[in-house]
Each structure stands twice: as C-alpha cells, then as structure tokens.
Amino acid sequence: MTKFIVVSGGVVSGIGKGVIASSTGLLLKTTGLKVTAIKIDPYMNIDAGTMRPTEHGEVYVLNDGGEVDLDLGNYERYLNVTLSRDNNITTGKIYREVIEKERKGEYLGKTVQIVPHVTNEIQDWIERVSKIPVDDSGEEPDLCIVELGGTVGDIESAPFVEAMRQFQFRVGRDNFALIHVSLVPDLHGEQKTKPTQTTVHSLRGLGLLPDLIACRLLVPRPLHPATRDKISMFCHVASEQVFGVHDVASVYHVPLLLRSQGIVEYLTKRLKLDELKISDTRKEGGESLAKRWKEITGGQERLFDQVTIALVGKYTDLKDSYMSVIKALEHSAFRVHRKLTINWVESSDLEPETQKSDPGKYHNAWAAVVNARGILVPGGFGSRGIEGMILAIKHAREQKVPFLGICLGFQLAVIEWTRNVLNRPEATSSEFQADSSLPIIIFMPEISKTHMGGTMRLGLRPTVFEAGTEEWSTVKKLYAGAPQIWERHRHRYEVNPEHVEWLQNSGLPFIGKDEKGERMQLLELKDHPYFVGLQAHPEFCTRPLNPSPPFLGFIAAACGPDVLEEQTKYQLENFKPPHPQEAMVAEEVLKSGRDAAERSFKGGMGRGQGEVDTVLENGMHVHGVLD
C-alpha cells in the first residue's frame, strides 16, 4: 500500500513547506523509492490560472495544461517526475466535484455536508492520484508527499485538516506520517519556542499528532540543542522528532541539512519503509542521485567566477513571480560552474517617462542592463512596461549581448525587429492596441474572448525545426540536434501569419514552428552570439541535473563563446528530454487526450477548466486584470 507523508504549516504561511516537502521526497527517492506529490491549496479558485503573479507567485504549467501552484514546480524539479493537474487540489475543485455529484443524485437524497461528503471527496482524490505513475518506471508510487497549503487554524483549510484526521485511520498508522513546519523566531540570538508550542497545541486539538516538527529559522544559525529539547518537552515528541531548518546558502542544501539530522532513518522506522521491496536497479539509481546532488551542491560553494544576468520584467516586486525562470538560470549556472547574479530590472524604469519623473531610478535600471552579460525578458501580460522591455531587447540585439526572450519576450523581439530594422514604428500587438494599423502579434482565433480560466494555449506542445537549421542553429544543437522538440506553452497571442513571410525575408529567422507550419514558436538570429526567443516556457521543464537547453545556451553564451561551444558539444552527446516518451506525441493527439481528461475531470460541468466571466468593454483585452 502507498505510504503518505503530510506536510502542514503553522504560525505563518510561506516559510518553506514546499521546499521541505520536496527535500523529504528527494531524500526518500535516494533510497530507491518511487515518490509522487500532491499540493492542497485551500482557496476557492479552481486553479491558479487567473491569479495575479504579484499576489500568489508564478503560475506553473504542467504537461496536461494544468495551471497550478508553483510548489508543483518544486516537486517536478526535485523528484524529476511529471505531474498532472490532479496533483493540485483546491477547494474550488473539491466543491465542484461534490456539487456535480449532488446534481446527479449520487448522494441518494442525503443532506450534503462538509463532513462526510467534502472530506470523503478530499480523501478519495488523494488516494486516487497517489496511485498514478509519475516517473519513467511506469509503476505505482511507493510514497506520496501531501503538502497542505496555508496555515493550520485557517477557516478555509479546516475541511482539509479534518480530512487528514480521518485519512490517518483510513490508511493506517504504518502508512501515515505528519511533518509540521513551524516558525521559530530568533530575537537577538534567543530562539523563541512559544509560537511552535501554540501551533502544535492547535494541531493536536484538531486530532492530528505531528511525527516530526520542522523548526524554520529565518537566520543562518542552526536550532540550538536547548531549543530542540524545550520544543520536545512542550510538544509531546521525542528530541529526535524535532529538527531545524535554518537559512542556508542555497535551497539545494536543504536535503543535505535534513539528512544530517536523521530524517530518513526516522521515517524509515516510522513508516516501515525497509519492508518495501526495492529492486537493486532502483537502489543503484537512488545512490547515483544522492551522489550527483551532493556534487552540485558541494561544487556550488567553491565557485569564484560569476555570471550576471539582467532580468527585465513586470513583476519584479515579488521574485516568486519568476520562480521557474530563476531555477532554470540556477541549474544552467551549476552546469557551467558559475555563481549566478541576477540584476532585477522593473521594465517600466527603462522608459523615457521614468527619466523625467525619477532620473535616479532610470539611471540605475539602465546601469543594471548595460553591466549585465546577458539580458532575459520573461513572460507577462498587459501593456504596462512593454516599451521598456523593447528598449532592452534593442540594446541586446545591437550591442551583441546574449538575449533570451520567453513568451511575451519572444513576441516583443519580433515587434522590436519590425520597428527598428524594418523601420515600422507603429508595429505592436493587438494585446496592447486593439485597433493597431500593424498588428505583428494577434489574438489566436480559437481562444475564447469571454472566459479566462483554462482557455489559453496550454501544456506540452511540439515545435518542428525548419530544414537546414542543423547547419548553424545553436539552439537545435543544445537539443541534441533533434528535428522536433516539446516544451510547455501558456499564451493567447501569436505572431500574425500575414506578416511571417515579410519578416523572414527581412532576415528574421523563425527556425521552429508548429507541426502545421502555421505558428511561429522559435527564433534565432544568425549574426549574434546568442539571440533566441521562444513562444513556449522552457523554464517549466528544467531540472537541477538536466537544465533547460535554451537557458543553458543563454548562460553559456553570457560566459563566453568557448563555454557555449563546450556546452553545445556536451548537449549534442548527452541531452535527453525530461518528458515521458508517451507525452511526446503529435499536437492533435495531445489535444484529444487533454479534452478527454477534461471531460472526465469536470463531469460535464461548465465549459472550461476554471471559467471566470469577464466583461470586454471598449475592446479591453482579457489579460488586463493580470497586468
């Protein structure tokens, strides 16, 4: 039977439950176990797709098109697995399922209540998803990490806490363990235990007893032995069940920190993991994973050379808005043995208006761009800050600075070329100006204009390289010379097909298109150290031990032509896609599979994955709310 480890949090949210959950899963995977993960988000939204990035952080996209919480990105990266939208549970999804069953009469005329109907639905969902294979073995996982978002005691999380209380009896004590993450404030060197005592008291009052207490310290000092003993005494656990998680040089050190405190040994004993049958092949694979993880984290501390990247974005106030982009840059920096420095540049600060209103901010923003070895323009929505991004792209193209444009960055690179190379300053996107005389970027015809949630072009999609590109394309070589690649998409706009021939004849090479050759998905300039744009989001498929090829090329180019050549040769011989083989199929096959899954998932209810009615007044684009 599948084993379950639930990770809950107390005192405050956002203190690292996701990293602790992912690190625990990684450590157990190094023993040879097959591990999957589920994230519970207690909000009423069906999914994360309609949330503002600066409020909730990045919207992470899965192969099946699910728009989910960024913690699922942590799970995929740490555990090297491929998850589905069902691995992210929200209150909205649960209530939708319960209401649909009630409408169908599946509750036999009973009064539908939070207990038992909602709590049973939560338990059934977890049990069902925990059995879905997520790695290359194709086998049912041995263990499932369940992260309960929010904070114990919140009204919105109460049904999920109650469901977990019941679930421990459904699966049995030997198959259920609870890790509770709590904040231990450090006040001038004194570590305070009262918040942890209080949250554990609340948790016990709700019927859940923590097996392990993870004490999160927001300082680089470890948990004091005296503090550990005090928490042990007042929280009714043994000292070995209390471990500290202080700030370390990198989140990639957290698994090693947990291992050093005996978490693997405790969980092995508590869940009787040593009784599970693990093949010699999987044990060897786990040992290899542990060795390689230790190598990348240990080597990181001995790096002296650094590479500086300017990230020119719209949501720089909250760095979590670009979580996967940061991770893709970090993984690439690991590979080329460089310390990564990111210059965060708010794109609107690069615009002439800021030069007038705040000259100091304008100067600092441009200094950060000019002094960087590479310029990255990530995805985003809406018109704010667009002109600043275009100016940064122009600088990268003209000054031969390595450039990587993702989604919106790709589209703006096309607009910048049209404006400054073809001398058509009126060129823009219909997202920014609906009545433009030269819409280089247009709204995709099949996308809904009345619903936002789940209606973009989403999920894993193929890109076919144009013939002849193998002779010169660096990007193609980074993908090991494959004629076709798969990356995840999330967009409503595309390059206007009417202008593609004109653009290509002017010297702008679209080297990758969709299978029908109708959608432009990848561009690369020939006479440039590295100028690449992708309509897809390759950052969603990066792994610490297998960095995203476009990001690796970008970081390598920023380090110099010799490093880029070295990494290109390595990729030609060693790169393997992180996707399951069965996922890399034609787009029509992918679409039919997603449609069938969606129909099954929503039980015939509604039109979309997470529909939100919007009123389009005066031609306002549907992205406006996210700007």
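Reader: In which helix is the place of I393?

Author: I393 belongs to helix α15, residues 386-398. Helices here are DSSP runs of H or I with at least four residues, and strands are runs of E with at least two, numbered from the N terminus. This is a predicted model, in which local features need pLDDT of at least 70 and side-chain atom pairs count only at pLDDT 80 or more, while totals for chains, interfaces and linings use all residues. Residues are numbered from 1 along each chain as its sequence is written, and side-chain values use heavy atoms, with hydrogens and water left out.

Reader: Why is I393 called buried?

Author: Buried means under 20% relative accessible area, exposed over 50%, and partly exposed in between, with a 1.4 Å probe and protein chains only. I393 has a relative accessible area of 0%, so it counts as buried.

Reader: Which residues is I393 in contact with, leaving aside its neighbours within four places in sequence?

Author: Contact means heavy atoms within 4.5 Å. By that test, and with those neighbours left out, I393 touches V377, F403, G409, L412, A413, E416 and F531. F531 is 138 residues from I393 in sequence, yet their C-alpha atoms are 9.5 Å apart.

Reader: What makes a group of residues a nonpolar core?

Author: A nonpolar core is a set of buried Ala, Val, Leu, Ile, Met, Phe, Trp, Tyr and Cys residues joined through side-chain atoms within 4.5 Å. The largest one has 49 residues, with I5 and I263 making the most contacts inside it. Helix α1 (residues 17-29) gives the most to this core, 6 residues. A second, separate core has 42 residues, including I393, A396, A413 and I440.

Reader: What makes a space a cavity, rather than a pocket?

Author: On a 1 Å grid over the protein atoms alone, a cavity is a set of points where a 1.4 Å probe fits but cannot get out, whereas a pocket is an open set with protein on both sides within 12 Å along at least five of seven lines; lining residues have an atom within 4 Å of a point. There are 3 cavities of 30 Å³ or more.

Terms used: Grid points are joined across faces, edges and corners, and a volume is the space filled by probe spheres set on the points.
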